[in-house]
Amino acid sequence: MGATVDWLRTTTPGLLVLCGLAIAVLLIAIIKVKLEPFVALLLTGLVLALAAGLPVAEIVGTPLKAGESLLETGFGAILGHIAVIIGLGTVLGAILERSGGADVLTDKLLRVFGEKGAPVAMGLLGLIFGIPVFFDIGIFVLAPLVYVAAKRGGRSLVLYAMPMLAGLSMTHAFLPPHPGPVALGGLLGVSLGWLIIMGFVCGIPGFIAAGIMWGAYIGKRVQVDVPKEFVPLEPNAATESEPITGSDGSGGTAVLTKSPPSVALIGAIIAIPLVLILGATFGYQLLDQDSAVLQVLTFFGTPAVALLITVLVAFYVLGIRRGSTVQELSTITAESLKPVGMVLLVVGAGAFFGKVISATGIGTALADTMSAAGLPVIVLAYLISCGLRIAQGSATVAIVTTGGIVAPLVADQGYSQMAIALIAMAIAAGSIILSHVNDGGFWIIAKYFNMTVKQTLQTWTVLETILSVVSFAVAALLFSIL
């Protein structure tokens, strides 16, 4: 017995077996036992740490000092990096939703692209509005607008829904301030500026292939009618006396009245954080490190500062200037932040699990095995993420777990920020592949777009797989060139 334990803790095959068992236990806890992922990740991480023979003081600290323990540093390091960003990003999305920003974008895109180009317009709507809005919230907000487009066009709801869903999924998987990319930035030590650049470079081809090309193909072959209970309303149909509520029925105080915000204004607000963050990224590459201009760019381009500025601008131009009070805006803010807590806990627990994996030396063992097999790190990252996604359904769990496993493999290899960002894109791509019945998003889409399980598998599941494979192919190609 003692020899077996020693083999598990000290040899490369043993460490790999230990890692595999830990991941298997994690998946069983989530899939079979139905344990909440936050609890499952925390429990599995603690069990793995004990099984690997790590000292208790290293795992949880001592009664007098716990600040340097794996438990606290695992949670603290990642949450310190992402909590503010996710919180501010969520608030920004809520303000844009309640202001009627989605309505004006839809109306404008439908006018520009016309009836035949309406599916493309829906895709661009999902792509643009998906930058500041979480995936499921984006569905709640945009689904009624897709119904309107389908009613106008008289064709299958699938034809209009798939491009929009591809846009939302692409931004959610590849672009900050969404939880996955932000978590990868902290886990892999890559700037959000490079993640934004590579997110667009890798994600846009996937969006075109999955949303536009596949959406057009399958939309002609799977006929789905607009839900009968839906009464289509034209965008911007609210009156001055009508309060606007969230599309998920969450309520809230009206921000939009008869005077909707302009498309240019909504576009400018969405662009503010991207421009500020990219300014800091390029400034760091081009300017002298002691430059005063660089200091200014760095301060305002820090993601938390950039998003705070954007939220304050949105508060004023979409709220205060349009007659809302600070109290009304505070109510919207509080409502929008309610679902954020569980997201942060799952990300924190996943980071702790990854920290334990790193401390056991499993990362080094994986690196040795990968080197012996000749498997590139970007391929390994993608395959691990795919396996976790398919097995347990959560993209966030797949991302943070894979990020923790892969982080030691890239830490001392001298990769550039661009190369690490491409590895992050591979992980993100793997985290969205083959969405099926163990994914909550699968059921949301089936419900909101009036599809059976078979139709959802034929449409949405294939869409996610195409988006994953094409985006990974772009990332792998660029990585091989580098």
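**Entry 1: salt bridges**

I searched the whole structure for salt bridges and found 4. I counted a salt bridge where a side-chain nitrogen of Lys or Arg lies within 4 Å of a carboxyl oxygen of Asp or Glu. The model is predicted, so I note that local features need pLDDT of at least 70, that side-chain atom pairs count only at pLDDT 80 or more, and that totals for chains, interfaces and linings use all residues. Residues are numbered from 1 along each chain as its sequence is written, and side-chain values use heavy atoms, with hydrogens and water left out.

I looked up Arg-111 and Asp-107, whose side chains meet in a salt bridge at 2.6 Å, N to O. Both residues lie in helix 6 (residues 101-113), 4 residues apart, which is about one turn of the helix. Helices are DSSP runs of H or I with at least four residues, numbered from the N terminus. Buried means under 20% relative accessible area, exposed means over 50%, and partly exposed lies in between (1.4 Å probe, protein chains only).

I then turned to Asp-439 and Arg-389, whose side chains form a salt bridge at 3.1 Å, N to O. This pair links distant parts of the chain, 50 residues apart: Asp-439 is in the loop between helix 20 (417-430) and helix 21 (440-448), and Arg-389 is in helix 18 (residues 377-392). Asp-439 counts as buried because its relative accessibility is 11%, and Arg-389 is buried because its relative accessible area is 3%.

The side chain of Arg-389 also meets that of Glu-464 in a salt bridge, at 3.7 Å, N to O. Here, too, distant parts of the chain are linked, since Glu-464 lies in helix 22 (residues 453-481), 75 residues from Arg-389 in helix 18. Glu-464 is buried, as is Arg-389. Through shared partners, the salt bridges join Arg-389, Asp-439 and Glu-464 into one network.

**Entry 2: a nonpolar patch**

I noted that Phe-282, Leu-286, Leu-287 and Val-293 form a nonpolar patch on the surface, with about 390 Å² of accessible area together. Such a patch consists of residues with over 30% relative accessible area and no salt bridge, with nonpolar side chains (Val, Leu, Ile, Met, Phe, Trp, Tyr) joined within 5 Å. Areas come from the Shrake-Rupley method with a 1.4 Å probe, and for residues only the protein chains shown count as cover. I placed Leu-287 in the loop between helix 12 (263-286) and helix 13 (292-301).

Terms used
Patch = residues over 30% accessible without salt bridge, like charges linked within 9 Å, V, L, I, M, F, W, Y side chains within 5 Å. Helix = DSSP H or I, 4+ residues; strand = E, 2+ residues; numbered from the N terminus.
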